[in-house]
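Have a look at the structure first, then read on.

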Amino acid sequence: CLTRLCSPLAEKTGKVLGEFCRCYKEQYGVALFNSVRYEIEGNGGPQAQLLHRKVPLEDHVIYSGNLFQYIEENKKWRNRFCVVPHNYGLVLYENKLAYERDLSPRVLVNSAGYKILTSVDQYLELVNNSLPGVTPKSGQSPILKCPTDFPLILWHPYARHYYFCVMTGKEQEKWRAVFQDCVRHCNNGISEDSKVEAPAFTDAVRMYRQSKEQYGTWDMLCGNETQVLSNLVMEELLPELRTTIGPRLKGKAQERQETWGQLTTLSLSCQISDAVYRMVYEQTKAQYDAATAKCEQERPQMESTIRTDMDQIITSKEHLASKIRAFVLPKAEICVRNHVQPYISSILEALMTPTSQGFAEVREVFFKEVTDMNMNIVNEGGLEKLVEYMEKLSHLAFHPVKMQSCYEKMDQLKLEGLQQRFDVSSTSVFKQRAQIHMRQQMDDAVYTFETLLHQELGKLQGKDDLCKSIQRILERVLKKYDYDSSTVRKKFFREALLQITIPFLLKKLAPTCKGELAKFQELIFEDFASFILVENTYEEVVLQSVMKDIMQAVKEAAVQRKHNLYRDSMVMHNSDPNLHLLGEGIPIDWGEEYSGQPEAEPDTDKRRRAKQVVSVIQDDEGVLPYEAGAEALLQPGSPEPREPDPGAPPSSPDGVEEIREALAKESLGDGVEAEERLMNESRVQHTAPASPKPRADVPSEAKMPHDTPASPAPGAETSSPSAGPACHQPSDKETGEEVAPPGGECSPPQPMSTTESGEGVQTEF
């Protein structure tokens with residue numbers, strides 16, 4: 001069925017991408033002009049007081065640990081060792097031993113666009129609500145049966161779903177915080193450092209959707225450019241796909257509905273939608289890369305024209321804007337006065353309360369961590385303890401569990417009736433944006449603190465001076481944080497208000513204004529048509545109609561000192577003139593600089609000392625049940641398992657005890673053979689000419705120090721050391737997984753009792 005649809009799907013995808021690439025080419029010229037104009041004219045905002053760290057998570061992993069994964073191909077739960085490296089991908093290994101031996105991971109997941117669910121009921125409700133013609137029946141047995149009370153499900157509207165579970169509520173909360181941080185980071189996949197490509201892309205997406213009468217925020221603007229474009233295509237393809245495939249299901253109407261329900265909950269996303277998504281992704285990447293390459297090729301000539309004719313282009317654009325303003329502004333002002341102005345203060349208050357509480361919590365967490373460190377230094381020792389605590393503090397912003405109390409404040413964001421009035425599909429866009437700002441401000445505060453403290457260390461005499469200096473620097477940094485957080489929040493409020501009100505105004509004005517815009521095209525000189533667009537100029541005029549009210553509302557909130565906002569007139573000039581020079585220096589490595597080691601460490605030792613941001617969970621009973629298989633492989637004297645009943649049919653373990661028994665049977669059934677397989681795999685790797693993949697020893701759950709040596713998991717761009725000419729390399733699929741070939745030198749070792757033919761998947765992120 002899907003094979004017969006490949007050609008129509010490819011044709012439809014090509015049509016959508018063709019329209020988008022036309023929009024992108026138009027927006028590229030406008031973005032390039034704006035970038036060059038900004039470079040020449042400046043107009044920068046207030047200078048940040050805090051320093052900004054350039055490479056915050058080098059040689060670190062966020063978290064690693066064990067959990068159970070549901071394998072759809074054989075309907076069984078399997079133990080997996082999960083590593084979250086500095087790029088926030090999810091890397092799943094067969095077990096901890098496979099990770100430590102640098103074997104290829106089973107699954108690599110980019111979590112952009114996913115939602116993290118903590119119950120099967122949540123998952124089924126979300127699936128049923130997103131698919132037409134499927135309604136849950138009361139008393140119906142759950143399709144996905146979780147063996148513990150602590151599931152973690154990664155749901156995506158188009159890509160494959162992932163099902164995990166853990167043993168305790170504490171583990172579930174920790175993994176949920178880690179997964180949410182991964183989603184938050186991966187969703188923010190379009191680089192803000194790009195001053196031309198990024199605005200050109202986001203404006204092209206917006207223009208394309210508005211051409212389809214789709215205004216307002218879009219939840220699936222997630223991930224990098226290819227992922228966002230794939231989501232854009234799938235948004236149009238999926239309804240057609242359901243309509244086409246639904247009638248092909250055999251049987252009576254009721255049977256067909258039940259079959260479709262069964263298919264959608266566990267098979268649609270991983271078999272049909274995921275397969276289509278990967279096809280779309282491949283085609284999207286190829287066409288988008290070709291479009292961007294063509295624009296880059298034309299950029300030097302376009303930039304030369306802009307710099308030569310800048311004054312004429314600006315004059316031509318202002319002339320066009322004056323004509324459009326005379327036509328549009330009276331209508332826009334009436335619309336703003338009647339439909340927007342009365343609600344601006346309500347929207348702003350709804351945004352300010354949770355956002356400011358979140359930033360206040362960031363300040364509190366930072367203050368508490370530094371104060372606790374200072375007290376511990378007084379009680380426990382001097383410089384040695386300082387080094388230990390500073391290594392932990394330096395990555396506070398990237399500790400999902402400690403930052404969770406800050407992020408949770410944004411869950412209070414409710415726009416109530418305003419959300420329906422202004423066609424805001426969801427508040428998640430604003431929540432995640434504010435949370436990213438919180439993390440950045442926390443890291444800026446920490447980095448500024450450690451830079452100032454590092455500068456002072458050479459001047460200090462004894463422990464008392466050290467503690468006084470820490471307190472003094474803390475106060476300085478908090479003052480800088482208050483100023484920067486006020487600036488960041490005011491900018492966030494203005495942008496959020498524009499994101500909410502501008503699409504609403506454009507939709508309201510479209511019937512009377514949009515059809516008349518074509519007549520203004522003749523006012524643009526042909527030589528400047530690549531840099532001035534009527535549609536963009538029209539939107540700028542609409543923006544100007546509401547911008548004054550938005551600026552005034554934010555200004556009044558600052559004048560009243562609501563939520564600790566500073567007035568625009570309050571500017572901190574050169575309070576630390578040399579501070580930003582310090583931030584340009586070599587990054588501080590507290591462990592290396594103050595460890596007292598007489599000579600440089602080999603690279604292998606440095607990898608072993610790589611730190612893990614989040615400590616492993618302590619288990620009251622000692623070793624976690626997940627580790628039974630991995631530890632047995634390392635212990636040759638392990639007892640023999642019980643022989644299974646040969647007549648019993650194979651079944652998937654449902655209970656916790658059954659899972660433990662299954663893991664023991666699988667891992668202990670032939671420990672020698674498993675060890676030999678791993679050793680053979682290791683020998684194969686050593687025969688390859690490639691350099692070994694960086695790794696370090698990740699601590700077992702029983703030891704549990706906070707800064708346990710761990711290693712950054714291999715990034716998707718790093719191939720397996722054993723890769724040869726015929727070896728399967730990780731593909732460049734940020735949203736779909738490529739099935740690894742069975743057998744061969746690069747295949748990870750398979751458990752003896754496992755038939756997971758489709759589980760070995762790889763994704764580059």
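## Glutamate 456 and arginine 472

Let's start with arginine 472, which counts as partly exposed at 41% relative accessibility. Keep in mind that this is a predicted model. The partner of arginine 472 is glutamate 456, with the closest N and O atoms of this salt bridge 3.7 Å apart. Glutamate 456 sits in helix 12 and arginine 472 in helix 13, so the pair ties together parts 16 residues apart in sequence. Glutamate 456 is buried, at a relative accessible area of 16%.

## Other salt bridges

How many salt bridges does the structure hold? The count is 31.

One of them joins glutamate 540 and lysine 317, at 3.2 Å from N to O. Here the parts tied together are 223 residues apart in sequence, because glutamate 540 lies in helix 14 and lysine 317 in helix 8. Lysine 317 is buried at 13% relative accessible area, while glutamate 540 is partly exposed at 32%.

Lysine 285 and aspartate 289 pair up within helix 7, four residues or about one turn apart, with their closest N and O atoms at 3.4 Å. There's also a network of salt bridges linking Glu39, Glu197, Glu296, Arg299, Glu303 and Arg307.

## Helix 5 against helix 14

Helix 5 (residues 197-211) packs on helix 14 (residues 534-559) at about 90°, with the axes 12 Å apart. The two are therefore roughly perpendicular. Helix 5 brings Arg206, Met207 and Gln210 to the contact, and helix 14 brings Glu535, Asn536 and Glu539. By type, that's one nonpolar, two polar and three charged residues.

Notes: Residues numbered from 1 in each chain as written. Predicted model: local features only at pLDDT ≥ 70, side-chain atom pairs only at ≥ 80, totals over all residues. Heavy atoms only, no water. Axes fitted to C-alpha atoms, helices over the stretch in contact; angles between N-to-C directions. Parallel < 35°, antiparallel > 145°, perpendicular 65-115°, else oblique. Contact = heavy atoms within 4.5 Å. Nonpolar A, V, L, I, M, F, W, Y, C, P; charged D, E, K, R; others polar. Salt bridge = Lys/Arg side-chain N within 4 Å of Asp/Glu carboxyl O. Buried < 20%, exposed > 50% of the residue type's maximum accessible area, 1.4 Å probe, protein only.
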